Amino acid sequence: MGGLWIALARTYQRPPPHPPAPAPGMSVGSDSITLAPDAPMWEILRVEPVQKAEMRWTDRHPARVTFDETRASRLGCPVLGRVQRVYVELGQHVETGAPVVAVASPTLAELRAELTRATVVQAAARASLERVQKLVDTGVIPVKEYLAIKREAAEADLAVELAQQKLASLHVLPEGDSTFILTAPRDGVVVELNVAVGQEVDAGTGSLAAIADLSTVWVVVDLFENDAEGLQPGIAVKVQVGSAEYEGVVAQVFAVVDRERHTVPVRVKLDNPEGKLRPNAYAQVRFFRPLPAEVAVPASAVLSDGARSYVYVQTGQGVLRRRDIVTGPVQDGLVPVLEGLAPGERVVVRGAILLDNQIDLES
């Protein structure tokens, strides 16, 4: 008898569960839901008319104030040496020719010694040339010997000129036999200072200091790739720094994406005659831009199954029907609709996912 019950149990099939009953006042179709006027779901849903896409100010994006690289000069050390003194501080105003860094360098002494040797050889060559010139004039020696001495004198002159050019190329002021001073190449503010006393520096060290004219500054904002789409030079911007707001335009949208942050730097140029905008200050930027479509809907209204995007449109009394649309990239919470909607049509902007779930339960 027990074996019979076991065999019956193996062949028993549990009846499928009854589908859940739709919520009160709701009728579910394959791609639509119809709600009665007093259906409880109306308290959850929000339906709004589709608005025309207009030019508007975007949300605020974090940014930073930087100095204008086209109005800045960087100071490097042309020869090997060790820093003896730093004359300036970060943020200090300096004038052209003001001392910035003193460097002790054995190379400088070698260059001066080279110039001294070349000068001595030059003097001897010129004296020989004068003596041979007199002998040629009196016919004591042939002209060809004069030409050889003249060539030696020309080579000595060239050696002196090269030694002078090496020293002149340093663009420094001498201070002792082996110490020289790097000077400010322009009027401005010390916006970078990357040097300390005792540091060994040479031509490969890079910038020891940067001096910039802050009468104009850059404001740089790093945007994600989608946010940067459609931006171009000339678009109006508003920049807020502290409690002050400034107006400007986009000067440059970088053509290369930052490989680490995957962002696109956008640069705004602002006049700064009073110097109130300081490099490295925090800023916020808004762009005045159009959406690339005739209409736009809130991002909360748009659903996707991975292959298509769609919204729920109110097509009749209480009828909410799924409709496929073609969208552009989200911009500050709004989705531009390229195809599928017209201004004035009413769409579900809150609770659309609940309609999706109800249709899935019924299918």
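**Loops, helices, strands and spaces**

H262 sits in the loop that runs between strand 18 (244-253) and strand 19 (263-271). The model is a predicted one, and the angles discussed here are computed from it. H262 is not a glycine, yet its phi is positive, at about 55 degrees. With a relative accessible area of 48%, H262 is classed as partly exposed, since the exposed class begins over 50%.

A second residue of this kind is N280, in the loop between strand 19 and strand 20 (282-289). N280 is also a residue other than glycine, and its phi is positive, near 80 degrees. Its relative accessibility is 69%, so N280 counts as exposed.

The helices come next. Helix 2 covers residues 106-137, which makes 32 residues. At 1.5 Å a residue this helix should span 46 Å, and the C-alpha atoms at its ends are 47 Å apart, so the two values agree. The residues of helix 2 that are buried are L108, L111, L115, A118, Q122, A125, V132 and V136. Among the elements that cover these buried residues are helix 3 (143-168) and strand 12.

Helix 3 has 26 residues. From its first C-alpha to its last, helix 3 reaches 37 Å, close to the 38 Å expected at 1.5 Å a residue. Its buried residues include Y146, I149, A153, A156, V160, A163 and L167. The cover over the buried residues of helix 3 includes helix 2.

P142 has a relative accessibility of 37% and so counts as partly exposed. Ten residues separate P142 from V132 in sequence, and their C-alpha atoms are 9.6 Å apart in space. V132 is one of the buried residues of helix 2.

Strand 12 (residues 179-183) is joined to strand 10 by five bridges, and the two strands run antiparallel. In this pair, P99 stands opposite T183 of strand 12. Strand 10 (residues 99-104) is joined to strand 8 (residues 81-86) as well, through four bridges, again in an antiparallel arrangement. Here V83 is the residue opposite V103 of strand 10. In general, the strands of a sheet pair through backbone hydrogen bonds, either parallel or antiparallel.

Strand 13 (residues 188-193) and strand 15 (residues 209-212) are joined by four bridges and run antiparallel. Within that pair, V189 faces A212 of strand 15.

The pocket is lined by 16 residues, of which G91, V189, L214, R278 and P279 are the closest to its centre. Strand 13 gives the most to this lining, with four residues. By class, the lining of the largest pocket has eight nonpolar, six polar and two charged residues.

How many cavities of 30 Å³ or more are there? The count comes to one. The largest cavity holds about 60 Å³ of space. T58, H61, L223, D227, F287, R289, Q331 and D332 line this cavity. This lining divides into two nonpolar, three polar and three charged residues. F287 and R289, both in the cavity lining, fall within strand 20 (282-289).

Key
Residues are numbered from 1 along each chain as its sequence is written. This is a predicted model: local features need pLDDT of at least 70, side-chain atom pairs count only at pLDDT 80 or more; totals for chains, interfaces and linings use all residues. Side-chain values use heavy atoms; hydrogens and water are left out. Two strands pair if DSSP finds at least two bridges between them. On a 1 Å grid over the protein atoms alone, a cavity is a set of points where a 1.4 Å probe fits but cannot get out, and a pocket is an open set with protein on both sides within 12 Å along at least five of seven lines; lining residues have an atom within 4 Å of a point. Grid points are joined across faces, edges and corners, and a volume is the space filled by probe spheres set on the points. Ala, Val, Leu, Ile, Met, Phe, Trp, Tyr, Cys and Pro count as nonpolar, Asp, Glu, Lys and Arg as charged, and the others, Gly among them, as polar. The expected span of a helix is 1.5 Å times one less than its number of residues. Buried means under 20% relative accessible area, exposed over 50%, partly exposed in between (1.4 Å probe, protein chains only). Contact means heavy atoms within 4.5 Å.
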